[in-house]
Amino acid sequence: MSRVSMLSILTIFLCSLLLEVTCLECYVCDNQEDNSEKCVKSIKTCDFNQDVCLTEIKWGSTPYWSQGTKKQYYISKRCSNKTECATNRQRYMPLCTYIWYQDWVCGDCCQGDRCNYYIISGSDHAIPFTSIIFGGLILLQFLSFRN
């Protein structure tokens, strides 16, 4: 394989990584009562400095208090960055109890397009599909170049 085609494959791979970083897509919603409709149908292309999708889930009474009010879930999803995510985790960790008779809040972040489809996904380590494909192609080219 020629040196020029090896460089072109490497260039395409690097450009695809840059596109993935700058074009993250997240589901977005604010204080919805469940993880349907708006929370799984509204998608936003994140800004340049936003590299993770943030999900917050709250359990409690409605924002306006009234006697005998039922407790319910409130789900919010948005684009964020790793710093805000770490701050939210630290702030919400003591409140993330899942105790049904107390108000609580939990937050989690994930990386990868639309990774926040589920409320708390735990997909921090998702590897973008195109990175796997291009990485495999480069490895194959490298191995064939050596023979």
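Read along the sequence, this chain runs α-β-β-α-β-β-β-α-β-α. That makes four helices and six strands. Both kinds are DSSP runs, numbered from the N terminus: helices are H or I with at least four residues, strands are E with at least two.

Some ground rules. This is a predicted model, where local features need pLDDT of at least 70, side-chain atom pairs count only at pLDDT 80 or more, and totals for chains, interfaces and linings use all residues. Residues are numbered from 1 along each chain as its sequence is written, and side-chain values use heavy atoms, with hydrogens and water left out.

How confident is the model? pLDDT is the predictor's confidence in each residue, from 0 to 100. Its mean over the chain is 77, and 61% of the residues reach 70 or more. Now look at residues 121–134. There pLDDT stays under 50, and the model has 22 contacts beyond four places in sequence for that stretch. A contact means heavy atoms within 4.5 Å. Where pLDDT is low, the predicted coordinates should not be read in detail.

Next, the chain as a whole. It has 147 residues, and 28% of them count as buried. Buried means under 20% relative accessible area, exposed means over 50%, and partly exposed lies in between, with a 1.4 Å probe and protein chains only. The chain exposes about 9900 Å², and carbon and sulfur atoms supply 62% of that. Those areas come from the Shrake-Rupley method with a 1.4 Å probe; for residues, only the protein chains shown count as cover. Take the contacts with a separation of 6 or more: residues 24 or more positions apart account for 62% of them.

On to the sheet. It is open, has four strands in the order β2-β5-β4-β6, and pairs in the antiparallel sense. Two strands pair if DSSP finds at least two bridges between them. The edges are β2, residues 29–32, and β6; each pairs on one side only. Neighbouring strands are turned by 15° against each other on average, direction ignored.

Which strand is largely enclosed by the rest of the structure? That is β4, residues 52–60, because eight of its nine residues are buried. With β5, residues 72–80, β4 forms nine antiparallel bridges. With β6, residues 104–110, β4 forms seven, again antiparallel. Follow leucine 54. In β5, arginine 78 stands opposite leucine 54. In β6, the residue opposite leucine 54 is cysteine 109. Another pair across to β6 is lysine 58 and valine 105.

Now the helix on this sheet. α3, residues 82–92, packs there and touches β4, β5 and β6; its direction makes about 155° with that of β6. Axes are lines fitted to C-alpha atoms, for helices over the stretch in contact, and angles run from 0 to 180 degrees between N-to-C directions.

Which residues of α3 are buried? They are Cys85, Asn88 and Tyr92. Seen down the helix axis, the buried residues of α3 fall within an arc of 65°, so they line one face. That arc is taken from the directions from the helix axis to the C-beta atoms. Their cover includes β4, β5 and β6. On the other side of α3, Thr83 and Gln90 are exposed.

Alanine 86 is partly exposed, at 45% relative accessible area.
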